[in-house]
Amino acid sequence: MPQNTPGNPEGDGTPVPRRLLAAATRLFADQGYDRTSVQEIVEAAGVTKGALYHYFGSKEDLLQEVYARLLRLQQERLDMYAGSQEPVEERLRAAAADVVVTTIENLDDASIFFRSMHQLSPEKNKQVRAERRRYHERFRALVEEGQRAGVFTRDIPADLVVDYHFGSVHHLSTWYRPDGPLTPQQVATHLADLLLRALTHPGT
């Protein structure tokens, strides 16, 4: 069988970077980032070390990309919801539910990152934190928009509301199970309802 070279997809047409990410995600989830070797990743992906270093440079780059791809997806979807013409309450509800669903659908990515984030170099850690902060600021802007319009109460600071919701999102990997009693959409609906309830004017 001929060796794969950087850029050559496998017989099924899967691009090499995607195969590497899939293999790394599976191994990081099963045995931990620090206990996974580069050799194990390339063997699982069916490529050479040269292919990995061509696309990612290091195992650390793979770890960063595992989370970055999820964050890019969530940022794109948040921008879509935030920029729609729906009332701000519906935009916030949709965005709050969506981040729950996309996190559950990519639970390995999220859990790997939060378990191993401290192993990134200071520079990469700073980059990821900046990207995540940009997402949170966009989400917070929806809360603030509703507060300015009088739709949401100002009794609770927007920062606290955002931290409350994302604290729940970040803990999904510790308790959510696909074979459990709740579907991703049900969990998303419940958490979005809790968020909106926290912003409801007293007595309404």
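Phe114 counts as partly exposed, at 31% relative accessibility. On this scale, buried means under 20% relative accessible area, exposed means over 50%, and partly exposed lies in between, with a 1.4 Å probe and protein chains only. Before I go on, a word on the model: it is predicted, so local features need pLDDT of at least 70 and side-chain atom pairs count only at pLDDT 80 or more, while totals for chains, interfaces and linings use all residues. Residues are numbered from 1 along each chain as its sequence is written, and side-chain values use heavy atoms, with hydrogens and water left out.

Back to the rings. A pair of aromatic rings is described by the distance of the centres and the angle of the planes. Rings of Phe, Tyr and Trp (its six-membered ring) pair if their centres lie within 6.5 Å; planes under 30 degrees apart count as stacked, over 60 as edge-to-face, and the rest as tilted. How many aromatic pairs does a search of the whole structure find? Seven. In one of them, Phe113 and Phe114 have ring centres 5.9 Å apart and planes at 75°, so the pair is edge-to-face. Phe113 is buried, at 0% relative accessible area.

Next, Tyr135 and Phe166. Their ring centres are 5.6 Å apart and the planes are at 85°, so this pair is edge-to-face too. The pair links distant parts of the chain, 31 residues apart: Tyr135 is in helix α7 (residues 122-148) and Phe166 in helix α8 (residues 158-170). Helices here are DSSP runs of H or I, at least four residues, numbered from the N terminus. Tyr135 is buried at 2%, and Phe166 is buried at 4%.

The charged end of Lys59 sits over the ring of Tyr33, 4.3 Å from its centre. That requires NZ of Lys or CZ of Arg within 6 Å of the ring centre and within 35 degrees of the ring normal.

Now Ser111, in helix α6 (residues 107-116). Is Ser111 buried or exposed? Ser111 counts as buried, at 15% relative accessibility. A polar atom of its side chain lies 3.1 Å from the backbone oxygen of Asp108.

Last, Pro202, in the segment after α10 (184-198). Pro202 is exposed, with a relative accessible area of 61%. Leaving aside neighbours within four places in sequence, Pro202 is in contact (heavy atoms within 4.5 Å) with Thr153 and Asp155. Pro202 and Thr153 are 49 residues apart along the chain, and their C-alpha atoms are separated by 7.9 Å.

Terms used
Helix = DSSP H or I, 4+ residues; strand = E, 2+ residues; numbered from the N terminus. Polar contact = N/O pair within 3.5 Å; in protein donor to acceptor, adjacent residues only side chain to side chain.
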